[in-house]
Amino acid sequence: MTKMPPAIVFLLFSVAFLAVIPPSNAEIKSLVISDDARPMILFEKFGFTHTGHVTVSVSTVSVVSTSSDPTPDPSRLGFFLLSEESLLQVLLEMQQNARFCVLDSHYVTHLFTFRDLSPPPNSRFNHSYPVTSPNEYSLFFANCVPETKVSMAVRTEMYNKDPNGSKDYLPAGATQLPSLYSFFFLCYVAFLSYWSYTCWTNKRVVHRIHLLMAGLLLIKSLNLICAAEDKHFVKITGTPHGWDILFYIFQFIRVVLLFTVIILIGTGWSFLKPFLQEKEKNVLIIVIPLQVLANIASIVIGETGPFIKDWVTWNQVFLLVDIICCCAIIFPIVWSIRSLRETSKTDGKAARNLSKLTLFRQFYIVVIGYLYFTRIVVFALKTIAAYKYQWVSFAAEEIVSLVFYVIMFYMFRPEEKNEYFAVDDDEEEAAALALRDDEFEL
């Protein structure tokens, strides 16, 4: 079997990851490339309208050759745009000819090569290009000279122009995100107000877990307003003006708190028992550090981009850790269901145990559904949706998250007649018969 050229492998991996990773937090980027020998460097992906523009500025450019030819051809190094529709054609050209340079392809939109740079020692270039064909493009740098290392400072600026002439630095499919996040922020503020009222009117049956759930709603609200402000400033200025820092702080707290609440509810902490078993503590000990790692990976992914050499690795770390955490939070729910089923055989409280088992089984299904939709269905939406409708996947994720929060909070609301505490002695015999069935086996 013929070995696939490194340039093709890199192109496939980079574009595949960009299809599912959220857009970065700024569309004006400044970065430094140092002694980089990669045949291609992917900078970012952006959805353009018919008023789109891309500006690329390079400075302090140097090309060092380690081969016998000390003066590499400057026309073999340059920048270009590539749409997903043209990707397959370019891959076929590269596969048919291992020595083929992507800068020679008719399927890419050429920007400039190093031949256009000003003379050394201050080699630089700065130009803005209109995008005449609306589409989603990836900005690449290609180095078709073997055994050469490139160093340069790069500044990229991508935007679409609104009818009033102002610049919109969000991609065509993400320009609705500030309004979207603001709307859900208001939803969660209303939710938090109602939850606070419910806890106040049922003070006698409020447990510590209910206060933790209120904290989760507060952090989720703050996370959404920071996301809205982040995207708003990126939209009008190209940079987040510090809102990205607050966004990452509240995102970290929210994710850790969400997984903690699900685990604690699954164990029955504070309303069924005042303590955690050793194995339940171990789940928290595993999940929380993993979420710290996942959030570090998320920050690296969002604040840098595919131009860094370890970008793909950070994506893999994020996906792997997220999968591990999603699996880990299921175990306490399963343990609780099995424990309640075993207890029901000996304590003589069939009706109460049946209510608890039913509730835990429903919660198990709800958690599985939430994880499946936010990981699998949202992934599919991001992959298949047209670039102008990428906001739909973000809207779907927020809608499902809100529905999950509402169901979870309703199931475990502080109420004296909540199913956790419901006991109907008249139905003990019927409940005992129901518990003998295999309905609650997982």
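Guide: Leu81 stands opposite Leu139 in strand 7. This is a predicted model, in which local features need pLDDT of at least 70 and side-chain atom pairs count only at pLDDT 80 or more, while totals for chains, interfaces and linings use all residues. Residues are numbered from 1 along each chain as its sequence is written, and side-chain values use heavy atoms, with hydrogens and water left out.

Visitor: Which strands pair with strand 4, and in what sense?

Guide: Two strands pair if DSSP finds at least two bridges between them. Strands (E, at least two residues) and helices (H or I, at least four) are DSSP runs, numbered from the N terminus. Strand 4 (residues 77-83) pairs with strand 7 (residues 136-143) in the antiparallel sense over seven bridges. Four bridges join strand 4 to strand 5 (residues 109-113), and these two also run antiparallel. There, Phe80 stands opposite His110.

Visitor: Are the faces of strand 4 covered or open?

Guide: In a regular strand the side chains alternate between the two faces of the sheet. Here Leu77, Phe79, Leu81 and Ser83 lie on one side, Gly78, Phe80 and Leu82 on the other, and all are buried. Buried means under 20% relative accessible area, exposed over 50%, and partly exposed in between (1.4 Å probe, protein chains only).

Visitor: How do the axes of helix 4 and helix 10 cross?

Guide: Two packed helices are described by the angle between their axes and the distance between the axes. The axes of helix 4 (residues 208-237) and helix 10 (residues 391-411) come within 12 Å and cross at roughly 165°. Helix 4 is therefore roughly antiparallel to helix 10 (angles over 145 degrees count as roughly antiparallel). Axes are lines fitted to C-alpha atoms, for helices over the stretch in contact, and angles run from 0 to 180 degrees between N-to-C directions.

Visitor: Which residues meet between helix 4 and helix 10?

Guide: Met213, Leu216, Leu217, Lys220 and Leu224 in helix 4 meet Glu398, Tyr405, Met408 and Phe409 in helix 10 (contact means heavy atoms within 4.5 Å).

Note on methods. Angles under 35 degrees count as roughly parallel, over 145 as roughly antiparallel, 65 to 115 as roughly perpendicular and the rest as oblique.
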